[in-house]
Amino acid sequence: MSHPRFLLLLLASLPLIALASPRGDEDSARAALQARFDAALHADVAALDKLLADDLEYCGVSATCSTKAQYLESVRSGTRKFRSLVPKVERVTLFADSAVLTGKVYAVSIGDGTERNVDAYFLVVLAWRDDRWQMTNQSSTLLQPKPKT
Amino acid sequence: MMSIASFAKDGVREAALKAAEITRFEAQVNADAKVLGNLLDDGLEYTHSNGDLDTKASFIDSLVTGKRDYISSVATVDSVRIFGDVGVIRGKARVTVSGKDRQPQDLHIGYTDIWLWKDGRWQMTAWRSMRMPDSPVK
């Protein structure tokens with residue numbers, strides 16, 4: 001086969017190659033983040049196992065960081081438990097194989113029988129692996145308390 | 001499959017990312033607007049450990065005007081990871097900060113910062129920090 005003909009065939013097949021390898025877009029990144037918060041709220045360890053990357057670094061508002069195994073164990077054991085978890089995504093920056101999402105999450109956590117409001121800024125990095133978004137990092141900072149009036 | 005060339009590229013980029021992080025901490029202490037202007041992404045979201053928020057412009061302005069004065073900043077990097085054009089650094093830092101309206105405070109923070117590879121260099125686009133349990137100022 002001559003080179004020009006080969007190149008033409010290659011160019012013609014590019015759309016098919018693209019269709020065969022769908023990439024993550026902004027909507028799917030937002031959906032993956034929502035699914036991850038929903039799974040945390042419902043303590044759905046199986047869903048979290050798929051949504052979290054094996055190399056996850058999860059840094060909570062207490063400044064302690066957990067691996068995926070440590071995070072899943074805290075959900076499984078009930079150490080990490082929520083009454084509500086409402087994320088509000090403010091920015092999504094998309095790259096070929098990764099996405100950075102920032103925003104706020106309004107949470108009510110349950111610990112030692114008491115409920116606590118934990119509202120925080122979050123920073124999430126998703127990586128596109130195995131044809132789906134997987135969360136590789138979440139880091140949070142507590143929202144500044146509202147001034148007393 | 002990852003090629004040798006891409007391994008080499010990642011190695012070069014990782015070294016550049018570590019260097020950029022060190023330079024940024026130094027530039028903060030020196031309130032060097034020119035260096036920070038180059039290292040910070042225009043879309044920077046800088047969330048301080050007390051929940052204060054800064055953009056690139058407000059952050060640089062706060063340093064230049066002395067509203068926020070980093071007297072010292074000693075960082076220990078725990079991990080550096082690169083996902084394509086995104087770099088993620090996680091670490092801890094002992095920071096002494098003062099300002100026009102406050103006395104010097106010693107902080108021990110955990111942080112994550114996100115860098116983007118743009119225009120042939122790393123630019124920091126997001127910073128989140130949290131006070132460590134042993135931070136002198138909670």
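Predicted model: local features only at pLDDT ≥ 70, side-chain atom pairs only at ≥ 80, totals over all residues.
**View 1. Trp115(B) has Met124(B) as its bridge partner in strand E6 of chain B.** Residues are numbered from 1 along each chain as its sequence is written, while chains are lettered from A and ligands numbered from 1 in the order in which they are written. Helices (H or I, at least four residues) and strands (E, at least two residues) are DSSP runs numbered from the N terminus, and two strands are said to pair if DSSP finds at least two bridges between them. Strand E5 (residues 102-118) of chain B runs antiparallel to E6(B), to which it is joined by 10 bridges; Thr112(B) also has a bridge partner in E6(B), namely Arg128(B). E5(B) and E6(B) form a hairpin with two residues between them, and in the turn Asp119(B) has a positive phi of about 55°. Mean pLDDT for chain B is 92, with 94% of its residues at 70 or more.

**View 2. E6(B) lies within an open sheet of six strands in chain B.** The strand order in this sheet is E2-E1-E6-E5-E4-E3, and the pairing is mixed. Strand E2 (53-54) and strand E3 (69-83) of chain B stand at the edges with a single partner strand each, so one side of each has no neighbour in the sheet. Strand E1 (residues 40-47) of chain B runs parallel to E6(B), the two being joined by four bridges, and within E6(B) the bridge partner of Glu45(B) is Ala126(B). Strand E6 (residues 121-131) of chain B is largely enclosed by the rest of the structure because 10 of its 11 residues are buried; a residue is called buried if 20 or more other C-beta atoms lie within 10 Å of its own, exposed if 12 or fewer do, and partly exposed in between, with C-beta atoms placed from the backbone. Helix H3 (residues 56-64) of chain B lies across E1 and E2 of chain B and runs at about 75° to E1(B), where axes are lines fitted to C-alpha atoms, for helices over the stretch in contact, and angles run from 0 to 180 degrees between N-to-C directions.

**View 3. In chain A, E6(A) pairs with E5(A) and is joined by bridges to E1(A).** Chain A has four helices and six strands, which follow the pattern α-α-α-β-β-α-β-β-β-β along the sequence. E5(A) and E6(A) pair in the antiparallel sense over 10 bridges, and they form a hairpin with two residues between them, in whose turn Asp130(A) has a positive phi of about 50°. Asn137(A) in E6(A) stands opposite Val125(A), and Asn137(A) is also the bridge partner of Glu57(A). E1(A) and E6(A) run parallel and are joined by four bridges. Nine of the 11 residues of E6(A) are buried, so this strand is largely enclosed by the rest of the structure.

**View 4. Tyr58(A) is a residue of strand E1 (residues 52-59) of chain A.** Tyr58(A) counts as buried because it has 22 C-beta neighbours inside 10 Å. Not counting residues up to four places away in sequence, Tyr58(A) touches Cys65(A), Ser66(A), Tyr71(A) and Gln138(A), contact being defined by C-beta atoms, placed from the backbone, that lie within 7 Å. The C-alpha atoms of Tyr58(A) and Ser139(A) are separated by 6.3 Å, although these residues are 81 apart along the chain.

**View 5. The largest nonpolar core has 58 residues.** Such a core is a set of buried Ala, Val, Leu, Ile, Met, Phe, Trp, Tyr and Cys residues joined through C-beta atoms within 7 Å. Those with the most contacts inside the core are Val124(A), Val125(A), Leu126(A) and Ile114(B). Strand E5 (residues 114-129) of chain A gives the most to this core, with nine residues. Leaving aside its neighbours within four places in sequence, Leu126(A) is in contact with residues including Ala29(A), Leu101(A), Trp133(A) and Met135(A).

**View 6. The contact between the chains takes 24 residues from chain A and 23 residues from chain B.** On the side of chain A that touches chain B, the elements giving two or more residues are E1, strand E4 (98-111), E5 and strand E6 (132-142) of chain A, and E6(A) provides the largest share, six residues. The predictor gives the complex an ipTM of 0.87 and a pTM of 0.86.

Notes. Contact = placed C-beta atoms within 7 Å. pLDDT = per-residue confidence, 0-100.
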